[in-house]
Amino acid sequence: MLPLRTIVAPGILACIFICPVGAFAVPLVSGPAGCALELRARDASGNTILMTVAYALDRPGLVLAPLSAAARLRTQWQRLQTVPDPGPAGPGDGPAPIEVTEVLLQDPSRDLVLLRAPGLAACGGEGDGAEDEQAAPAPVPAEGDTLVGLRDRDGYRPRVFQARLDKMIALGAGPGLLRVRIPDGGGAGSGFLFDRHHRLFGSILPPPPGGDRLFACAVPIDRREIDVAASGPGLPVPDALARPADDFSRSAAGLWAQALLLTRDDQADRALHLLDDVARISGDSDVLMLERGGRLFRIGRTDAAIADFERAARLSPRLHLARFNLGVAYGTAGRYEDAIDSFTHALEIEPLHAQTHFQLALALMAAHRAEGARRECDSLEKIDPALARDLRAALSF
């Protein structure tokens with residue numbers, strides 16, 4: 001969940017959601033575009049009934065594609081083929097398609113399928129290489145890092161796009177979840193993520209209907225797992241994909257991904273229902289309670305938000321954000337003494353957190369404890385003089 005941050009408002013406690021925005025320091029280069037493929041399914045008459053993005057690996061004949069797309073309309077198609085990315089102008093008279101013969105790995109939790117297409121050359125565009133298959137995978141970028149994405153083509157949108165890693169969520173068992181911000185607002189239905197060195201590390205999950213097109217969710221890819229699968233025999237395409245695949249969208253990662261992309265207030269109930277399903281699958285967690293509480297707070301269900309923030313604080317007593325959000329919610333409900341207690345606990349965890357000092361001062365003033373509010377102004381002056389000036393103006397000190 002994105003942290004609840006404060007706005008200057010005399011006598012009250014309030015919050016807004018914010019997302020990191022800024023210029024990208026790394027220019028967009030072709031990188032993954034040179035390894036881009038299109039996966040096509042053809043029916044008995046040779047008609048193309050499905051096209052989706054795919055990615056050629058740095059070993060001959062290996063292709064990654066979205067599992068849900070590859071299994072879609074399975075009863076109607078008879079052949080799978082890979083085609084080098086035809087570009088926005090359409091397929092034209094480009095290279096001949098290459099038949100897909102085997103399914104080497106199906107991973108519903110990542111919506112990922114590894115295919116063998118003999119005759120497909122190894123792609124030289126990956127930054128991680130394959131010199132040492134036993135080497136540790138490249139580290140996952142940190143929150144705020146610049147990324148490169150490869151997505152399904154859709155109208156004006158370029159195949160390759162820039163993104164920024166917005167949030168990482170640990171889901172316990174199974175892969176974690178990555179939320180990325182897409183500045184062109186074009187979304188990403190399915191595809192892959194790469195770090196700034198164009199090393200493959202993530203599989204983009206399909207968004208829910210009405211999902212926020214400024215964001216996409218993905219799960220990390222374990223390259224070692226792919227190498228192990230590629231070293232053994234696979235199953236013929238009809239035999240493998242004829243079996244219904246597990247629905248990744250009902251996994252914990254899939255449910256989380258859908259909820260995180262439903263950002264409008266009128267989608268809150270739908271998102272909360274998805275988060276409830278996550279809890280039934282994997283149990284409560286501090287990050288889940290913070291997400292639920294934030295959604296509830298935004299739509300004015302303050303008492304319910306307080307209950308979730310209290311649960312998060314009990315699950316992780318040293319989690320500053322739980323105490324901070326709880327204090328904001330208490331203050332909004334007019335429970336100023338509880339807010340003071342919560343912000344005080346938050347400062348025991350992070351003594352130099354400027355926004356906590358700011359909110360504590362507001363709560364003290366609302367509780368008619370002006371002297372305590374002045375002390376917080378003095379403390380804030382040493383940490384963030386500009387914010388301290390805003391606080392003094394708001395409280396007329």
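Modeller: Bearing in mind that this is a predicted model, the structure holds one disulfide, and it joins cysteine 35 to cysteine 123 with an S to S distance of 1.7 Å.

Biologist: Where in the chain do cysteine 35 and cysteine 123 sit?

Modeller: Cysteine 35 lies in the loop between strand S2 (16-17) and S3, while cysteine 123 lies in the loop between strand S9 (112-116) and strand S10 (146-151), so the pair links distant parts of the chain, 88 residues apart.

Biologist: And which hand does the disulfide have?

Modeller: The disulfide is left-handed, because the torsion about the S-S bond of cysteine 35 and cysteine 123 is about -65°.

Biologist: Are those two buried or exposed? What about cysteine 217?

Modeller: Cysteine 35 and cysteine 123 are both buried; cysteine 217 counts as buried because its relative accessibility is 1%, and cysteine 377 counts as buried because its value is 0%.

Biologist: Switching to strands, what does S6 pair with?

Modeller: Strand S6 (residues 79-84) runs antiparallel to strand S3 (residues 36-42), joined by six bridges, with arginine 79 as the bridge partner of arginine 42. S6 also pairs in the antiparallel sense with strand S7 (residues 98-99) over two bridges, where isoleucine 98 is the partner of threonine 82.

Biologist: Last topic: which residues touch the most other members of the largest nonpolar core?

Modeller: Of its 58 residues, those are Ile169, Leu177, Trp256, Phe343, Leu380 and Leu391. Apart from that core lies another, of 44 residues, including Ala56 and Phe194.

Note on methods. Residues are numbered from 1 along each chain as its sequence is written. This is a predicted model: local features need pLDDT of at least 70, side-chain atom pairs count only at pLDDT 80 or more; totals for chains, interfaces and linings use all residues. Side-chain values use heavy atoms; hydrogens and water are left out. Two strands pair if DSSP finds at least two bridges between them. Helices (H or I, at least four residues) and strands (E, at least two) are DSSP runs, numbered from the N terminus. A nonpolar core is a set of buried Ala, Val, Leu, Ile, Met, Phe, Trp, Tyr and Cys residues joined through side-chain atoms within 4.5 Å. Buried means under 20% relative accessible area, exposed over 50%, partly exposed in between (1.4 Å probe, protein chains only). A disulfide is a pair of cysteine sulfur atoms within 2.5 Å.
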